[in-house]
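This report walks through selected parts of one protein chain. Keep the sequence and the structure in view while reading.

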Amino acid sequence: MKRNLIINFHVVNDAVWFESVILLLKAKYTLVHLSFFENSNNYEKGKGFCHISFDDGDQTFYTVAYPILKKHDVPATLFVSPKSAIRRENFWFQEVTGYDNNKMITILSRELSLPIKTIHEIPFFDIMLCLPLIRIQEIITFYQKETDTLPKHCQNMSLDEILEVEKSGLITVGAHTLNHPILKNENDEICHNEITGSIIELQKLLGHKVSYFAYPNGMPYLDFGEREINCLMNNNIIIAVSTEAKFISKHDNKLTLPRLGLSYGSMRFVELKLILGANWEKIKSLKSHSESKNRQKITSLLEKVRKNEMK
Ligand SMILES: [Zn+2]
């Protein structure tokens, strides 16, 4: 029996690679709009159905991926922040990409009172994933001041570009919060504003209802939980997608549909990943310093610091 799945892309720099992936997917699956997965009865038919999605609205969607999707008539969903599109600002993780690891670890250790000996082997990015957005922005400001680093040019699509691709009828636009926080790290008010604000703003810009949402970073329990799911329900979101690498089963909650991420590799590798599905993540997590282990470690260290400060 063929499997059903949603694929997740972020940045697509290589047009040749991307077109090969699209052709591979076209050969293996029926490529459908995301609305197809609204009704579980649709995918009990035993065929393999696949939907393609893109998070963040990176420029390369417009310049590289979109022309290829159009050429092969492949529908896709693009999850964006209305704030980034209007204000032309990068998300924090785009801003810190390429930052010097040692310098970042020094700042994080100093600002969060974390012992440098314990954190120096952890990638700074994994530590940032444990912080609320306000702390993340402070750390970025420190780095920029102390290293004379200027903010980068915005690497996300403009509103005009988003409206243009949506007009094609091939691309559906979904919400992805305003500032791409790790929702689990935020208080109730910020979580609500990030989710509801992004949906309402996007609806205004697009001129119609927004029915789909992608959780930032997207790992269930680590990045979002019941609170976020309830908030999406209150906003009448029909489908929300995570980054849990699994095939779709008819029993899945529509507000936590899994997705398999693709970003690189030969077509043999991509094909293997498509076959392995959930098992791929299991193989990856055998590596001792995986992101989730690092985050657990940092979260418990931060908790200790907080308790000491309260004494
Ligand atoms: Zn994202």
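## Two loop residues with positive phi

Ser-113 sits in the loop that runs between α5 (101-112) and α6 (116-119). The model is a predicted one. The phi angle of Ser-113 is near 55°, which is a positive value in a residue other than glycine. Is Ser-113 buried, partly exposed or exposed? Ser-113 has 14 other C-beta atoms within 10 Å, so it counts as partly exposed. A residue is called exposed at 12 or fewer such atoms and buried at 20 or more.

Tyr-221 also has a positive phi without being glycine, and the value is near 75°. Tyr-221 belongs to the loop between β6 (212-214) and α11 (226-234). Tyr-221 counts as exposed because 10 other C-beta atoms lie within 10 Å.

## Two buried loop residues

A loop residue can be buried as well. His-176 is located in the loop between β5 (171-175) and α10 (188-206). His-176 has 28 C-beta neighbours inside 10 Å and is therefore classed as buried. Which residues does His-176 contact, leaving aside its neighbours within four places in sequence? They are Asp-55, Asp-56, Phe-79, Val-80, Ser-81, Ser-198, Ala-214 and Pro-216. The C-alpha atom of His-176 is separated by 6.2 Å from that of Tyr-215, although the two residues are 39 residues apart along the chain.

Leu-129 is part of the loop between α7 (124-128) and α8 (133-147). Leu-129 is buried because 24 other C-beta atoms are found within 10 Å. Not counting residues up to four places away in sequence, Leu-129 touches Ile-182, Asn-217 and Arg-295. Leu-129 and Phe-91 are 38 residues apart along the chain, and their C-alpha atoms are separated by 13 Å.

Strand β1 covers residues 5-9, and five of its five residues are buried, so the strand is largely enclosed by the rest of the structure. In a regular strand the side chains alternate between the two faces of the sheet. In β1, Leu-5, Ile-7 and Phe-9 point one way, while Ile-6 and Asn-8 point the other way. All of these residues are buried.

Strand β1 is joined to strand β3 (residues 49-55) by five bridges, and the two strands run parallel. Strand β1 also runs parallel to strand β8 (residues 260-261), to which two bridges join it. What are the bridge partners of Asn-8? In β3 the partner of Asn-8 is Ser-53, and in β8 it is Gly-261.

## Strand β5

Five of the five residues of β5 are buried, so β5 too is largely enclosed by the rest of the structure. Ile-171, Val-173 and Ala-175 point one way from β5. Thr-172 and Gly-174 point the other way, and all are buried.

Strand β4 (residues 76-80) pairs with β5 in the parallel sense, over five bridges. One of the residues involved is Ala-76, whose bridge partner in β5 is Ile-171.

## Helix α1 against helix α12

Helix α1 (residues 15-28) meets helix α12 (residues 267-276), and their axes come within 11 Å and cross at roughly 45°. This angle makes α1 oblique to α12. The crossing of α1 past α12 is right-handed. By class, the contact of α1 with α12 has five nonpolar, one polar and two charged residues.

## Helix α1 against helix α2

The axis of α1 also comes within 10 Å of the axis of helix α2 (residues 59-71), and the two cross at roughly 35°. Here again α1 passes in a right-handed crossing. Which residues make this contact? From α1 there are Ala-15, Phe-18, Glu-19 and Ile-22, and from α2 there are Val-64, Ala-65 and Ile-68. By class, the contact of α1 with α2 has six nonpolar, no polar and one charged residues.

Terms used:
Residues are numbered from 1 along each chain as its sequence is written. This is a predicted model: local features need pLDDT of at least 70, side-chain atom pairs count only at pLDDT 80 or more; totals for chains, interfaces and linings use all residues. Axes are lines fitted to C-alpha atoms, for helices over the stretch in contact, and angles run from 0 to 180 degrees between N-to-C directions. Helices (H or I, at least four residues) and strands (E, at least two) are DSSP runs, numbered from the N terminus. Angles under 35 degrees count as roughly parallel, over 145 as roughly antiparallel, 65 to 115 as roughly perpendicular and the rest as oblique. A crossing is left-handed if the near helix is turned anticlockwise from the far one by less than a right angle, and right-handed if clockwise. Ala, Val, Leu, Ile, Met, Phe, Trp, Tyr, Cys and Pro count as nonpolar, Asp, Glu, Lys and Arg as charged, and the others, Gly among them, as polar. Two residues are in contact if their C-beta atoms, placed from the backbone, lie within 7 Å. Two strands pair if DSSP finds at least two bridges between them.
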